[in-house]
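Subject: Structure handover

Hi,

Here is the structure I promised to pass on. Please open it alongside this message.

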Amino acid sequence: MSELMKGVMLLKQDLSEVPAEEALKGKRFYHHLKKAGKPIEVVFFSRDRSKADLEENFTEKHGDWLCVKYGDDIMTKYQSKFEIKTIPVLRVINPAGKMVVLDGKSEVVEKGKADPLGLFAKWEQLCNK
């Protein structure tokens with residue numbers, strides 16, 4: 001598992017907390033991949049201005065993903081490292097912490113609906129280089 005999120009507590013959609021190491025073992029696009037047993041997880045990095053805004057947005061508008069808690073120092077670090085300047089954005093990060101796909105959102109929109117497993121296979125190849 002990637003060391004990127006080691007020691008970070010993530011929020012589940014019900015706002016309970018789970019250690020990232022546990023949650024990251026191993027939305028239609030996401031569900032196709034999960035159903036096929038693919039090792040993928042989405043971690044939501046919010047740019048909300050308050051904890052209450054984050055929690056409302058996350059619980060009402062997102063899939064069954066994970067979320068970095070409001071105010072966690074990792075937010076600033078990774079927003080800079082992975083060039084997150086606008087939202088929404090989807091980056092594909094390999095287990096070593098290297099960004100291998102800059103614009104995953106466009107790839108999902110353009111290719112993910114027709115062939116989610118094919119797109120994921122492409123991402124896996126990039127992650128394993």
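This is a predicted model: local features need pLDDT of at least 70, side-chain atom pairs count only at pLDDT 80 or more; totals for chains, interfaces and linings use all residues.

Look next at β1, residues 9-11. This strand runs antiparallel to β2, and three bridges join the two.

Glutamate 55

Glutamate 55 sits in α3. Is this residue buried or partly exposed? Glutamate 55 is partly exposed, because its relative accessible area is 22% and the buried class stops under 20%. Lysine 69 is 14 residues away from glutamate 55 along the chain. The C-alpha atoms of the two are separated by 9.0 Å.

The α5 and α6 pair

Now to the second packing site. Two packed helices are described by the angle between their axes and the distance between the axes. Helix α5 covers residues 104-112, and helix α6 covers residues 116-127. They pack at an angle of about 145 degrees, with axes 9 Å apart. The crossing of α5 and α6 is right-handed.

Which residues meet here? From α5 come Gly104, Glu107, Val108, Lys111 and Gly112. From α6 come Pro116, Leu119, Lys122 and Trp123. The residues of this contact divide into four nonpolar, two polar and three charged.

Glutamate 107

Glutamate 107 is in helix α5. Its relative accessible area is 15%, so glutamate 107 counts as buried, the limit being under 20%. What does glutamate 107 contact, leaving aside neighbours within four places in sequence? The partners are Val101, Gly112, Leu119, Lys122 and Trp123.

Asparagine 94

Last stop: a loop. Asparagine 94 lies between β5 (92-93) and β6 (99-101). Asparagine 94 is buried, because its relative accessible area is 7% and buried means under 20%. The side chain of asparagine 94 reaches the backbone nitrogen of lysine 98 at 2.9 Å.

Best wishes

Note on methods: Residues are numbered from 1 along each chain as its sequence is written. Side-chain values use heavy atoms; hydrogens and water are left out. Axes are lines fitted to C-alpha atoms, for helices over the stretch in contact, and angles run from 0 to 180 degrees between N-to-C directions. Helices (H or I, at least four residues) and strands (E, at least two) are DSSP runs, numbered from the N terminus. A crossing is left-handed if the near helix is turned anticlockwise from the far one by less than a right angle, and right-handed if clockwise. Contact means heavy atoms within 4.5 Å. Ala, Val, Leu, Ile, Met, Phe, Trp, Tyr, Cys and Pro count as nonpolar, Asp, Glu, Lys and Arg as charged, and the others, Gly among them, as polar. Two strands pair if DSSP finds at least two bridges between them. Buried means under 20% relative accessible area, exposed over 50%, partly exposed in between (1.4 Å probe, protein chains only). A polar contact is a pair of N or O atoms within 3.5 Å; within protein, one must be able to donate a hydrogen and the other to accept it, and residues adjacent in sequence count only if both atoms are side-chain atoms.
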